[in-house]
Amino acid sequence: MTDLSQSPTPVPAGQNSLLTLSDRTKKRNAAEKRFKIYGISAIAVGLLMLVVLVTTIVSRGTGAFQQSFITLKVELLEAKLDKKGNRNLEDIKKVTTFGYAPIVKAAMQQAVQDLGIETDLKSKQMAALLSKNAVAQLRAYVLENPEHIGTTVEFRFLAQSRVDGYLKGRVSRDSIENDKNISPQQLDLADELLAAGVLEKTFNLDFILGSDASDQRPEAAGMGVSMLGSLFMMLVVLALALPIGVAASIYLEEFAAKNWMTDIIEVNIANLAAVPSIVYGILGLAVFINYMHLPMSAPLVGGLVLTLMTLPTIIISTRASLKAVPPSIRDAALGVGASKMQAVFHHVLPLAAPGILTGTIIGLAQALGETAPLLLIGMVGFIASNAPESIADGLLAPNSAMPAQIYEWAKRADPAFYERAWGGIIILLVFLVTMNTVAVILRRRFERRW
Amino acid sequence: MNTMNVMDRTLETKTTKIAARDVNVYYGDTHAIKDVNVKIEANTVTAFIGPSGCGKSTFLRCLNRMNDTIDICRVTGDILLDGEDIYDKRVDPVQLRAKVGMVFQKPNPFPKSIFDNVSYGPRIHGLARNKAELEEIVEKSLRRAAIWEEVKDRLDAPGTGLSGGQQQRLCIARAIATEPEVLLMDEPCSALDPIATAQVEELIDELRASYSVVIVTHSMQQAARVSQKTAFFHLGNLVEFGPTGQIFTNPEDPRTESYITGRIG
């Protein structure tokens, strides 16, 4: 009963008990409750989106990690593969993949016969169940083991993408009505082969380790080579952006005088962080490729472009973590007669290191997922069929990158590629989540409390 | 130390360690220190007292050029250490700070081991030729800072894990490990409890034997307890400077009297 006089609307004496809520309190409590509900529903919507996203990606992408294979016994006929019979590698090389086609056909026909499957398909149509990659696989094997010519060897060939899709439920008899690549009779044969165990669906390591394949052979396409492309780009980014970014931040934060020049630099760095990444791409095209004549599609150029893009992120996070080191540590070091540089490198930098590392990893993760700048320097649409042979090759030979590869697959007409795009997204996300987890762990582990 | 009998304290004449002549300090447009002249003697504890914002800490930080780290800070006038102008262009503040050590208001040990905290200064100044010498310096410094007995078994433990009072004594050990000639203390006890304060004060009195100590303090009792000379700052001016006993019992300036009797502050 003390503050009645201060209240703008005097409360009648009877209502002033602490046990009954005043209208004002009720209103405040209701507002607080409403706000909490807004917050919770916002988070719930966010979580729901996340769940939808993850389930979509996983349900559509896991198929890419499995592949249908057909196991065949192939007789490597000497008459076809090495007419002269002297096992001269040069002569064997003269037989192109066309020369291997009849052998594959014969092997397929033999297998169907052996299993006693009744079909009116011709041997060519039977062999069409196999991937176009089968002949290339056979030729590669023969060139590597010429001594096996004349013997019978068991091979595990990729099945054609329609057959693979049929096993995964993507292709059905209805959906292939207008499809020239496969007929219902061929699917019947596939059913028989599946029952006989010749055709099977297993885990496909080649999707993770292999290289991209042409439009005609989606079943053979893999992420491996573009992963290497991404890896080399990240090496370039790490090697350039970390030292440059950290050195620039230390100078700006600890040594540079605070004047209008550094203010302008600071504003510009903040602005650069918000520049659309495609702008960096066109800058890279103009400077690195057109002016400096670095090779097109090379991970080195991609790495340089992504370095430019990542630098502002690293500088901003490094400066923030340097700022977070309490000034008392600098005073302490200077107070015992350390030079400014000793104070920074002996005391401030080690304390800021976890923050710097976190920022760097997040910057790298961002660069890893970046596609737009790569469009302009020719890293999209390029098909590298072989893994690079050396580090120099890895940096300079044309290659793709993971997000560019995903974009490329998503763009192609065949639904089999579509599935691989989702699978590629899973791989990319695994990388990103791993990197971010490492960043969080580093931050938690080395975080200091003052 | 007989705490309040300040008049009885004898004061032998000593050589001048630091002499400040017409020192002015500006922070941008703010005139923080106005024409300060003061002589700080060797083997003496000199206390700077005065209300908050009077410039006593600023002036203290001028004595080892810690103000250099503040961009907008400008110092004019001469500050002579053993007759040499410390603001001369040829003077490297790093060398100066090795001679004029500093202990800060808040204990600020490095987040490293106790040993590394104390050995850092000697190490960067090359005071020890080998590990044994370094260990010797560390032990000597910790003993002089009256903390050896408490930490001798855990020199590898982090310095930040000690209690506040121990941390401050560790910082004092760190400061004296570089063999300074002057020790500046910026309110070294303001973050400490009375027991830790008493320990640090006792330590300050012992340090007087080897160093010239300058201490900034908010507590007039502390100034009276530990110092032989007291300087009273007010609004950037050095109002009065003299033997502690005289300042506290018979101040010449009415402002000093008002402050020590609690009328301004």
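How many residues does helix H6 (residues 164-176) of chain B have, and what distance does it reach from its first C-alpha to its last?

Tutor: Please bear in mind that this is a predicted model. Helix H6 of chain B has 13 residues, and from its first C-alpha to its last it reaches 19 Å. That span is close to the 18 Å expected at 1.5 Å a residue.

Consider next the surroundings of this helix. Twelve of the 13 residues of H6(B) are buried, so the helix is largely enclosed by the rest of the structure. Among the buried residues are Gly165(B), Leu170(B), Cys171(B) and Ile176(B). The buried residues also include Arg169(B) and Arg174(B).

Helix H18 (residues 402-411) of chain A is mostly covered, with seven of its ten residues buried. Met402(A), Ile406(A) and Trp409(A) are among these buried residues. The cover over them includes helix H10 (224-255), helix H15 (340-368) and helix H19 (415-446) of chain A.

Back in chain B, Arg61(B) lies in helix H1 (residues 56-62). Arg61(B) is buried yet has no salt bridge. The nearest side chain of opposite charge belongs to Asp331(A), 4.0 Å away. Leaving aside neighbours within four places in sequence, the contacts of Arg61(B) include Asp331(A), Met66(B), Ile70(B) and Phe104(B).

The loop between H1 and strand S4 (73-81) of chain B holds Arg65(B). The phi of Arg65(B) is near 60 degrees, a positive value in a residue other than glycine. Arg65(B) is buried, with a relative accessible area of 11%. Leu235(B), in the loop between strand S9 (229-234) and strand S10 (237-243) of chain B, has a positive phi of about 50 degrees although it is not a glycine. Leu235(B) counts as exposed, at 57% relative accessibility.

Finally, there is a sheet in chain A. Three strands form an open sheet in the order S2-S1-S3, and the pairing is antiparallel. Strands S2 (152-158) and S3 (199-203) of chain A stand at the edges, each with a single partner strand, so one side of each is left without a neighbour in the sheet. Neighbouring strands of this sheet are turned by 35 degrees against each other on average, direction ignored. Strand S1 (residues 66-75) of chain A is joined to S2(A) by seven bridges, and Val74(A) stands opposite Val153(A) in S2(A). Helix H6 (residues 133-144) of chain A lies across S1 and S2 of chain A, running at about 140 degrees to S2(A).

Note on methods:
Residues numbered from 1 in each chain as written. Chains lettered and ligands numbered in written order. Predicted model: local features only at pLDDT ≥ 70, side-chain atom pairs only at ≥ 80, totals over all residues. Heavy atoms only, no water. Helix = DSSP H or I, 4+ residues; strand = E, 2+ residues; numbered from the N terminus. Buried < 20%, exposed > 50% of the residue type's maximum accessible area, 1.4 Å probe, protein only. Lys, Arg positive; Asp, Glu negative; His and termini not counted. Contact = heavy atoms within 4.5 Å. Expected span 1.5 Å × (residues − 1). Pairing = 2+ DSSP bridges. Axes fitted to C-alpha atoms, helices over the stretch in contact; angles between N-to-C directions.
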